[in-house]
Amino acid sequence: MTRCLLALLLAGLPALAWGQLPAVTVTEGADGQTYTLSLQVLLAMTAITLLPALLLTMTSFTRIVIVLGLLRHALGTGQTPSNQILVGLALFMTLFIMSPVLTQIYDSAVTPYMDKQVEAQAAIETAATPLRRFMLDQTRESNIILFGEIAGYKDGFAGPEDVPFTVLVAAFVTSELTTAFQIGFMLFIPFVVIDLVVASVLMSMGMMMLSPMLVSLPFKIMLFVLVDGWSLVMGTLANTFYT
């Protein structure tokens, strides 16, 4: 497969050299710069490679997957559920939570661009607006001020619309990490209490050689199932976002 791609690339180089393939042509028009289809495809393929980074830094995925990982540690079930299950659950929860934002992006940016009503640059700027609004709703003001000062904005920002996208992404990721660990702390409390009670009972009975984790694990699983824990965790996570 690699050899075939290399052969195709080498075969296309002479055409690029002689200008037979307008791959990087930029035309100045009344509405700004217009890129050829070949260059647009190249930019689209490059953007696809950045999708994992965009998923981690600009959506609800980070908070969800961290909370699920901390929940697994709080239960003490080792690798159950597996990493693949947690990532898959976090991915579909992200699609569920981000669906209003994705719908706005599709209606306001993707559809006009596909209908050739707007240029690519205008479509990108329009698509960034709903995503920017979503991130601003989840981001702490202190984090925006912190990264704004690091970026050189010592006087702060006049309003949310003045926050640069790079500053917003960094502040958003930091806020998501803080929120995820706060939720994880709340999830740990009841399971730590169970561990302490079981350890105290075993010590009072003189069963010091028996691991408290071995005894407390069934009780933690039973408690989690009785209170319908997965529904509570998923519902609470979904309600912590404002879309």
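Trainee: What does Arg63 form a salt bridge with?
Mentor: Arg63 pairs with Glu176, and their closest N and O atoms are 2.5 Å apart. A salt bridge here is a side-chain nitrogen of Lys or Arg within 4 Å of a carboxyl oxygen of Asp or Glu. Keep in mind that this is a predicted model, where local features need pLDDT of at least 70, side-chain atom pairs count only at pLDDT 80 or more, and totals for chains, interfaces and linings use all residues. Residues are numbered from 1 along each chain as its sequence is written, and side-chain values use heavy atoms, with hydrogens and water left out.

Trainee: Which helices do Arg63 and Glu176 lie in?
Mentor: Arg63 is in helix α4 (residues 61–75) and Glu176 in helix α8 (residues 165–204), so the pair ties together parts 113 residues apart in sequence. Helices are DSSP runs (H or I, at least four residues), numbered from the N terminus.

Trainee: Is Arg63 buried or exposed?
Mentor: Buried, at 2% relative accessible area; the cut-offs are under 20% for buried, over 50% for exposed and partly exposed in between, with a 1.4 Å probe and protein chains only. Glu176 is buried too, at 0%.

Trainee: How many salt bridges are there by this rule?
Mentor: Two. Asp195 and Lys220 also meet in one, at 3.4 Å, N to O. Asp195 lies in helix α8 and Lys220 in helix α9 (residues 212–226), so that pair ties together parts 25 residues apart in sequence.

Trainee: New topic: what does Ala238 touch?
Mentor: Leaving out residues up to four places away in sequence, Ala238 touches Met93, Phe96 and Ile97, where contact means heavy atoms within 4.5 Å.

Key. Helices (H or I, at least four residues) and strands (E, at least two) are DSSP runs, numbered from the N terminus.
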